[in-house]
Amino acid sequence: MDEGESSSTNSPSRPWESYNTVFTNAKAGMEGVDKEKVQRIVYEMSKGSKYFQNEERKEALMKQEIELMRDRCAKLSSSDLSNYQKVVDRRILELEATRDLSRVWLHVDMDAFYAAVETLSNPSLKGKPMAVGGLSMISTANYEARKFGVRAAMPGFIARKLCPDLIFVPVDFPKYTHYSDLTRKVFKNYDPNFIAGSLDEAYLDITEVCRERGLSGGEIAEELRSSVHSETGGLTCSAGVAANRLLAKVCSDINKPNGQFVLQNDRSSVMTFISSLPIRKIGGIGKVTEHILKDALEIKTCGDMVLKGSLLYALFTQSSADFFLSVGLGLGKTDTPEVRSRKSISSERTFAATGDERLLYSKLAEIAEMLSHDMKKEGLTARTLTLKLKTASFEIRSRAVSLQRYTCSSEDILKHATKLLKAELPVSIRLIGLRMSQFNEEIRHSDPSQGTITKFIVQKDSSRQNLDDNDSFDLEASTNCLSNDERLSSYASHDTSYDQLKEDVVKYEEQSVTPEQECKKEEERPQVLEGDALLRKHKESKSETSAQNTEAVSVFPQMEPLLWVNGYKCNLCGIELPPSFVEERQEHSDFHLAQRLQNEESGPSSSTTPTSKRRILGKEKANSKQKKQKLNQKDDSKHIPIHTFFTKSNQNSNDETQKK
Ligand code: DCP
Ligand code: MG
């Protein structure tokens, strides 16, 4: 199990100790790994690279956030805290009243999924350390490889350094989809409305099936796992059974691989379980949130969230504090969510940073035109316009305006967008985005094309019914103080295939139910952890809320699909990463950011986009017929050559390759 990360302490003689990336986070099967050795190798292999610098920048920002939180904490008087404690006591009563112990939820997650599927089709891989992916990035590793510290989202060349005998198998997404379908057929027998997460996991409400068949949750879990094993011809999975989805997910990781854990459905068992659970175990609490809670507030376990509830309510927005408190009480979702409908539509462009106002206005006009075109195509009108900017120094700004009427006209959009932009000038900008939200529901519901979109979403992948527990997903999206910046950085070159991407955005934008809810959601989005701008806003006023006139609002929740084509495929390098891998996606975006910075720095000749650069490099490779080891990478051309950003490390990697 993931032990989370230790606090950032730095010993000058062992600098890697404070170098915590996703590569060094433990996953199931990595319990005995020498973490320090892994950290040292990862550190040494990436030191000096752009990736490394980016990690350092993120670390510095995080430390800044922690300091700010400490300062705010120190300013709280004891009477403040005793007032907040009253709020906590009242909220505990209210939250307790919502506790539902009547349902039995099961979370199932396949073991080393891609790797297990590959082993099924090539049994000679059995028992040998292997990873699915390539030198630039691996998607997963089997449990044999994990003993060496090899894990998903790690560049393959680092993995090979950790485990020289590592066998690489290229990613074969259609094959995993096929096996995923087989598992879903089994899940349906237990809950026809099961909620699929990524390809290899699902939540099932097994209350009825337990009742009908007079079996316990544990017995159903055993049966389901054995059925998955036989229907797939040998794949194993792990399961967690608990009163709600949040707990069931935590439980499914406890006895991985090929195991299960049942948490009894009574309050005392739940409270005992949750009280000592490390906060990082909770879906929705990522690295940044973990560090802020741990390092600034000394909240290490879920139980601490209740004990220190007054601090949480004093320092965070109510929705964040409510989330933390409900986690501390072991509460989670127990209902089956409805299909979500579209929430917003947007267009954006990245370009070489410029302060030339004429150019910026002309970009804005193009974007307004594209957005209007898309809205007309989908029969949408909306009345909240948001302008998003990324400045030359990667600062993200969002400004919103509520329009007098619903519209989709490019003239209207441009008129208001121009006002928003004007207020920001002069500034050097590298990205402009426009988003329209708060749709006219009447038109929407009477518009047949809308039905088609929803149908498309549902048909395309039933997992999109709801990819995660909302409680955790929303928080994760908004708590990572670096995420806006980092996620935006992923659009470095999407101009190249913009039309295709826009199509994907239209199809896969994040969905919600009504404009009111959307608005509420934006207001409620936890602000403290969304970066400096939101920190400032939070300090100014907690009561400043709805999207009236020009004001800062939070993130563009639909940005991800611009990078993740069809919801899972990185448009820059083709790697496939399901939406629920929030942190891994973050790392992957960083990867591309580093690449982009590298390109920018190495002068005009390297201003080629990653896509075209990839093509050129591919050609060179073919022409020079270098006798590099293929490492079983049929699809290596899909990956960006690692040396575009890991200059030093790549050298090591090549040396390694030649040695082999
Ligand atoms: N995946 C990916 N990239 C990541 C993480 C995962 O492509 N960064 C893919 C490969 C995995 C699959 O998703 O096989 C499921 O992810 P899990 O986190 O469930 O990992 P595994 O199933 O591989 O291992 P386990 O669940 O046993 O820990
Ligand atoms: Mg899995």
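Buried means under 20% relative accessible area, exposed over 50%, and partly exposed in between, with a 1.4 Å probe and protein chains only. By that count, 60% of the 660 residues of the protein are buried.

This is a predicted model: local features need pLDDT of at least 70, side-chain atom pairs count only at pLDDT 80 or more, and totals for chains, interfaces and linings use all residues. Residues are numbered from 1 along each chain as its sequence is written, chains are lettered from A and ligands numbered from 1 in the order in which they are written, and side-chain values use heavy atoms, with hydrogens and water left out.

The protein holds 28 helices and 17 strands. These are DSSP runs numbered from the N terminus: helices are H or I with at least four residues, strands are E with at least two. Contact means heavy atoms within 4.5 Å. Among contacts between residues at least 6 apart in sequence, 73% join residues at least 24 apart.

Asp109 sits in strand E1 (residues 105–110) and Asp200 in the loop between strand E5 (195–196) and strand E6 (201–205), so the pair ties together parts that are 91 residues apart in sequence. Both Asp109 and Asp200 are buried.

Strand E6 also carries Tyr203. Why does Tyr203 count as buried? Because its relative accessibility is 3%. Beyond its neighbours within four places in sequence, Tyr203 contacts Trp105, Leu106, His107, Asp191, Phe194, Ile195, Arg245 and Lys249. The C-alpha atoms of Tyr203 and Asn193 are 9.3 Å apart, with the two residues 10 apart along the chain.

Last, a helix pair. The axes of H16 (residues 357–378) and H17 (residues 410–424) come within 9 Å and cross at roughly 140°. Axes are lines fitted to C-alpha atoms, for helices over the stretch in contact, and angles run from 0 to 180 degrees between N-to-C directions. Residues of H16 including Leu360, Leu364 and Met375 meet residues of H17, among them Ile413, Leu414 and Leu421.
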